[in-house]
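I opened this model to look up its charged pairs and its helix packing. My entries follow the structure.

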Amino acid sequence: FRSLGSGSHQRYLDNPELMADDATRADGNNILGHLFGSKDVSRNVAAQAAEKTGIDVGLVKKALPLLAGLAMGSLSKNSNAGQSLDESLPGLLGGLSGGDDDFGLDDVLGLAKKFF
């Protein structure tokens with residue numbers, strides 16, 4: 001939640017060319033570490049995603065850190081500074097679905113497709 005408040009991940013949305021940087025992948029791996037707790041869980045998520053989508057597991061493993069950074073950027077961008085987490089979390093999660101004025105998950109996936 002501190003990361004969302006810092007707004008530092010918004011740079012991936014504002015400057016998509018950063019997605020090619022090794023530092024972006026490292027940041028994404030850190031995000032995945034916080035979300036999943038271990039590399040084994042992250043690998044299992046990648047394997048399940050590959051199985052369900054038919055996308056090569058190696059490609060999914062490469063994409064997950066980048067998608068994590070983009071998702072955090074989208075969540076951060078849609079947050080309202082100064083609101084308590086209880087007030088802002090529903091709006092953040094609602095923003096993932098996209099919409100006319102939101103930068104949502106569909107936009108994140110659209111950006112990711114440009115790199116793969």
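**Entry 1: charged pairs**

I began with D40 and R43, which form a salt bridge with their closest N and O atoms 3.1 Å apart. I count a salt bridge when a side-chain nitrogen of Lys or Arg lies within 4 Å of a carboxyl oxygen of Asp or Glu. D40 and R43 sit three residues apart in helix α4 (residues 39–53), so about one helical turn separates them. I take helices (H or I, at least four residues) and strands (E, at least two) as DSSP runs, numbered from the N terminus.

I then checked accessibility. D40 is exposed, with a relative accessible area of 53%. R43 is partly exposed at 42% relative accessibility. My cut-offs are under 20% relative accessible area for buried, over 50% for exposed, and partly exposed in between (1.4 Å probe, protein chains only).

How many salt bridges does a search of the whole structure find? It finds two. The other entry I noted joins the side chains of R11 and D27, at 3.7 Å from N to O. This pair links distant parts of the chain: R11 is in helix α2 (residues 11–14) and D27 in helix α3 (residues 22–36), 16 residues apart. R11 is partly exposed, at 34% relative accessibility.

**Note on the source**

The model is predicted: local features need pLDDT of at least 70, side-chain atom pairs count only at pLDDT 80 or more, and totals for chains, interfaces and linings use all residues. Residues are numbered from 1 along each chain as its sequence is written, and side-chain values use heavy atoms, with hydrogens and water left out.

**Entry 2: D27**

Is D27 buried or exposed? D27 is buried, at 17% relative accessibility. Leaving aside neighbours within four places in sequence, I find D27 in contact (heavy atoms within 4.5 Å) with H9, R11 and Y12. I also looked up D27 and L66. They are 39 residues apart along the chain, and their C-alpha atoms are separated by 8.5 Å.

**Entry 3: α4 on α5**

I turned to the packing of α4 with helix α5 (residues 57–78). Their axes are 9 Å apart and the angle is about 125 degrees. That makes α4 oblique to α5. Axes here are lines fitted to C-alpha atoms, for helices over the stretch in contact, and angles run from 0 to 180 degrees between N-to-C directions. Angles under 35 degrees count as roughly parallel, over 145 as roughly antiparallel, 65 to 115 as roughly perpendicular and the rest as oblique.

On the α4 side, the contact is made by S42, R43, V45, A46, A47, A49 and A50. On the α5 side, V57, V60, K61 and L64 take part. I sorted the residues of this contact by class: eight are nonpolar, one is polar and two are charged. Ala, Val, Leu, Ile, Met, Phe, Trp, Tyr, Cys and Pro count as nonpolar, Asp, Glu, Lys and Arg as charged, and the others, Gly among them, as polar.

**Entry 4: α3 on α5**

The axes of α3 and α5 come within 7 Å and cross at roughly 80 degrees. The two helices are therefore roughly perpendicular to each other. From α3, I listed T24, R25, G28, N29, I31 and L32. They meet K62, L64, P65, L66, A68, G69 and M72 in α5. This contact has seven nonpolar, four polar and two charged residues.

**Entry 5: whole protein**

The protein has seven helices and zero strands. Of its 116 residues, 30% count as buried.
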